[in-house]
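Subject: Structure handover and findings

Hello,

I am passing on the structure we discussed, with notes on what turned up when I went through it. Please look at the model first and then read on.

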Amino acid sequence: MRKNLKRVAATAMATTMAFSLTACSNGGDSNQGETKPSTTNSGDTTVGDNGGDKSDVSTVPTIDEINVGEDYKELEASIKVLTNRTDIVDTVYKGYAEEFMKLYPNIKVEYEGITDYEESLNLRLTTGDWGDLCFIPTSVDQSELSTYFTALGSYEKLDEVYNFCSEKAFEGTVYGIANGGTASGVVYNKRIWKEAGITEIPKTPDDFLDALQKIKDNTDAIPLYTNFAAGWTMGAWDAYIGIAATGNPDFMNRDMVHTKDPFAKKDDMTGPYAVFYTCYESIARKLVEEDPASSDWEASKGMMNNGEIATMVLGSWAVQQCKDAGDNPDDVGYMPFPISVDGKQYAGAGGNYAFGVNNKATTENQIAAMLYMKWLIEDSTIYEDEGSIPALKDGAMPATLADFEGVELLSDTPAIEGEETLFNDVNNESEVGINNDDYPNCYLAECAMYGSKTLDEVIAEWNQQWSDAQQSLGVEVNK
């Protein structure tokens, strides 16, 4: 259950990432046995040869130096892992820990589930005494990663092995590895859509709205469940304004900061406006739950499973949770977001929360946490269980994306050198808050619910705020 989607600042060392929708087999050992940099407990980089069975715990190795199941077999440690998955922390996640401890009986792994994850971690990280392994909060800027987290290795090397490395890297060093990834699309109940008489997946905003109307007219299901009360679920809409809406992997991290009026309406109904139009109109036309303010995220998963809800706009990570929430897993499907660019559909692929190791923990605990993290992302069943894109680049794509045939999956291109923080700077200065929190979409939803402002009035506000921020920060604007 992701608290927020990822911030979109990234480093300049990655290229656009396209994912094949064809499942591929797992590859072999990614460790090359070469001399690699290793980091001390304080995060300083030293050079050494740690080949062979490692037992030296005077320095923390990089993750590519570790051979899980072979190295550090005598290491004794007790580590705490923080997670937002309170729904499975005492079942599935406990099972992972037990499996790992069979491999490393001298390492004790305990989980702590946290309900208000982002808020709690923002406070606890500053103390340094929060545990050993966590999901890195979205509020931590890339420039701040080294303050809290252990260096896992060079971007150049780790990017060859793992997906989404650029999201938690800074100045050539990776500090977090994603717990798999998601594609941006729409969760839907296939049975309800069929009963409503919808025979084709919608490819434009208006087709999607027409489909929701058919569901309202012909079934008892809620056409689109906003999950407004949870807040972060509204923030999910921001994930679609980049690649899904433009087909351009450069848009979010390179182009948007230099674009005049990036939220403006386009004649072909692409771009951010088309996403916000879809959200606003579905609410204004009363194609959503009767009282969005009293919606219930946990309950909504079961409601999707049993057909009380027809559609939810969330990342593909949500599909497995909805499948697991009732007796009708086969009814839950996933479709591309309904925008077409020159007749073609695109979907953004990005990392889930990334694992990060506490650089204030003891050297032994940092190594133990890194061992457990590497075991989770390479050897456990976590990606099959959660239906997500695996961390390993040679991992099999999830069956969740079966309806994405012909849809091109792309990842946002990192910012150019020297502009690594520019999007965040403009985004924060403008107070629009794209991908930072739920604010813009909750505001949009409230305007639609109460009729306080039209969509075009909201868009005009955001464009003005964006323009003012560009001017204040001296950003070159391409008109």
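Overall

Please keep in mind that this is a predicted model. The protein chain contains 17 helices and 17 strands. It has 479 residues, of which 59% count as buried. Taking contacts between residues at least 6 apart in sequence, 77% join residues at least 24 apart.

Helix H6

H6 covers residues 205-218. The buried residues here are Pro205, Phe208, Leu209, Ala211, Leu212 and Ile215. Viewed down the axis of H6, they fall within an arc of 155 degrees and therefore line one face of the helix. What does that buried set pack against? The partners of the buried residues of H6 are strand S12 (185-189), helix H5 (190-195), H10 and strand S13 (311-312).

Helix H10 and its tyrosine pair

The structure holds 26 aromatic pairs. One of them is Tyr273 with Tyr277, a stacked pair with 6.5 Å centre to centre and 20 degrees between the planes. Both residues belong to helix H10 (residues 272-284), where they sit 4 residues apart, about one turn of the helix. Tyr273 and Tyr277 are both buried.

For H13 itself, the 16 residues reach 22 Å from first C-alpha to last, close to the 22 Å expected at 1.5 Å a residue. Of those 16 residues, 14 are buried, so H13 is largely enclosed by the rest of the structure.

Tyr372 and Trp375 also belong to one aromatic cluster with Tyr93, Tyr96, Phe100, Tyr104 and Tyr111. Within that group, Tyr104 has Lys73 over the face of its ring, at 4.9 Å from the ring centre.

Two loop residues

Asp238 is found in the loop between helix H7 (232-235) and helix H8 (243-246). Is Asp238 buried or exposed? Its relative accessibility is 1%, and the cut-off for buried is under 20%, so Asp238 counts as buried. What does its side chain contact? The side chain of Asp238 makes a polar contact of 2.9 Å with the side chain of Asn441.

Met256 is in the loop between helix H9 (251-255) and H10. At 0% relative accessibility, Met256 counts as buried as well. Which residues are in contact with Met256, leaving aside neighbours within four places in sequence? They are Ile241, Phe251, Pro262, Phe263, Phe423, Trp466 and Gln470. Phe423 lies 167 residues from Met256 along the chain, yet their C-alpha atoms are separated by 7.8 Å.

Regards

Note on methods: Residues numbered from 1 in each chain as written. Predicted model: local features only at pLDDT ≥ 70, side-chain atom pairs only at ≥ 80, totals over all residues. Heavy atoms only, no water. Phe/Tyr/Trp six-rings, centres within 6.5 Å; stacked < 30°, edge-to-face > 60°. Buried < 20%, exposed > 50% of the residue type's maximum accessible area, 1.4 Å probe, protein only. Lys NZ or Arg CZ within 6 Å of the ring centre and 35° of its normal. Expected span 1.5 Å × (residues − 1). Arc of directions from axis to C-beta. Contact = heavy atoms within 4.5 Å. Polar contact = N/O pair within 3.5 Å; in protein donor to acceptor, adjacent residues only side chain to side chain.
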